Amino acid sequence: NGKKISWIDYAKPSYGLNDSAVQWDDKFVDELRVAIRSCKIFLCYPIFWLCYGQMTNNMVSQSGQMNTGSVPNDIMQNIDPLCIIILIPFFDWVVYPTFRRCGLELRPITRITIGFLVMALSMAYAAILQHFIYTKGPYFKHAGDEGYGFNDISAAIQVPGYVIMAVAEIFASVTGLEYAYKRAPESMKSIIMSIFLLTNAGGSILAFAFNPISSNPHLVENFAIVSGLMGAFTVLFIVCFRHYDRVDEEEIREKTVFEKEQ
């Protein structure tokens with residue numbers, strides 16, 4: 001039928017293998033091919049989770065270097081889930097339908113790419129904010145350290161960083177979960193979902209490499225490097241997976257035609 005043959009197609013019994021020697025059929029091989037392709041996009045997610053993890057450690061430290069008033073500095077991170085609760089319905093009912101009415105369908109890979117880019121921007125914002133904090137007195141680069149207080153700057157300026165991060169999570173994390181579930185074959189949904197969640201552990205492991213620069217006076221470098229990594233992996237993601245939306249759409253169309261013919 002002119003369809004390009006993949007290396008995994010040669011594992012199909014219909015390609016000459018002795019049916020009695022294998023415990024699978026052609027359908028299983030097709031499902032495995034889809035599963036492998038779906039898992040490839042997860043390779044860039046550990047860097048995303050490395051950035052996301054900044055919210056529960058270095059950004060908490062950052063808020064402790066600013067004047068939070070009567071609010072504990074570790075409460076600031078709750079802005080992110082609050083924004084997600086508010087913004088997910090807004091995206092589902094307003095943002096995505098608006099794009100569709102304009103003839104621009106935001107496919108999964110496009111959404112994930114936007115999410116990665118926005119996450120890089122959130123880390124860049126944190127780096128710029130951290131530099132601004134260090135330029136303020138009275139404690140400058142020692143603010144928040146043991147025996148030192150906070151600098152003369154309001155923690156409210158950190159709120160946009162959490163909002164930007166929430167937008168990134170909606171585009172990349174929520175879409176990644178959706179993609180992992182919808183594209184996974186019925187027999188492999190739990191495995192692929194587990195692999196996607198495993199990328200979070202990968203981000204936590206990467207965070208250990210940043211321990212030497214995860215404290216004063218190196219937090220600017222920490223946020224800047226993490227932002228640069230996310231930006232670089234966003235470009236890599238586009239280069240490697242930009243065709244996936246088209247391929248997925250073709251497979252869904254072929255599957256629909258096949259089911260109608262049955």
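Glu105 forms a salt bridge with Arg100, the closest N and O atoms lying 3.8 Å apart; a salt bridge is a side-chain nitrogen of Lys or Arg within 4 Å of a carboxyl oxygen of Asp or Glu. The structure is a predicted model, in which local features need pLDDT of at least 70, side-chain atom pairs count only at pLDDT 80 or more, and totals for chains, interfaces and linings use all residues. Residues are numbered from 1 along each chain as its sequence is written, and side-chain values use heavy atoms, with hydrogens and water left out. The protein chain contains nine helices and zero strands; helices (H or I, at least four residues) and strands (E, at least two) are DSSP runs, numbered from the N terminus.

**Overall architecture**

- Along the sequence, the protein chain reads α-α-α-α-α-α-α-α-α.
- Of the 262 residues in the protein chain, 41% are buried; buried means under 20% relative accessible area, exposed means over 50%, and partly exposed lies in between (1.4 Å probe, protein chains only).
- Among contacts in the protein chain with a separation of 6 or more, 76% are between residues 24 or more positions apart; contact means heavy atoms within 4.5 Å.
- The protein chain has an accessible surface of about 14,400 Å², and carbon and sulfur atoms account for 64% of this surface; accessible areas come from the Shrake-Rupley method with a 1.4 Å probe, and for residues only the protein chains shown count as cover.

**Salt bridges**

- The count of salt bridges comes to three.
- In the pair formed by Glu105 and Arg100, Glu105 is partly exposed at a relative accessible area of 36%, and Arg100 is partly exposed at 44%.
- Glu178 forms a salt bridge with Arg111, with 3.7 Å between the closest N and O atoms. This pair links distant parts of the chain, as Glu178 belongs to helix H6 (residues 159–183) and Arg111 to helix H5 (residues 108–134), 67 residues apart.
- Glu178 is partly exposed, with 29% relative accessibility, whereas Arg111 is buried, with 13% relative accessibility.
- Glu178 also forms a salt bridge with Lys182, the closest N and O atoms being 3.2 Å apart. Glu178 and Lys182 are separated by about one helical turn because they are four residues apart in helix H6.
- Lys182 is exposed, its relative accessible area being 59%. Through salt bridges that share partners, Arg111, Glu178 and Lys182 are joined into one network.
- An α-helix has 3.6 residues a turn, so residues three or four places apart point the same way.

- Helix H2 (residues 45–52) is mostly covered, with eight of its eight residues buried.
- The buried residues of H2 are Tyr45, Pro46, Ile47, Phe48, Trp49, Leu50, Cys51 and Tyr52.
- These buried residues of H2 pack against H4, H5, H6, helix H7 (189–207) and helix H8 (219–241).

**Ile79 in helix H4**

- Ile79 is located in helix H4 (residues 79–101), and it is buried at 17% relative accessibility.
- Apart from neighbours within four places in sequence, Ile79 is in contact with Val159 and Tyr162.
- Ile79 and Met165 are separated by 86 residues in sequence and by 10.0 Å in space, C-alpha to C-alpha.

**Backbone features in the loops**

- Gly137 and Pro138 are joined by a cis peptide bond, with omega about 10 degrees. Pro138 lies in the loop between H5 and H6.
- Asn216 and Pro217 are likewise joined by a cis peptide bond, with omega about 0 degrees. Pro217 lies in the loop between H7 and H8.
- Phe140 has a phi near 50 degrees, a positive value in a residue other than glycine. Phe140 is found in the loop between H5 and H6 and is partly exposed, with a relative accessible area of 43%.
- Most residues other than glycine have a negative phi, and most peptide bonds are trans.
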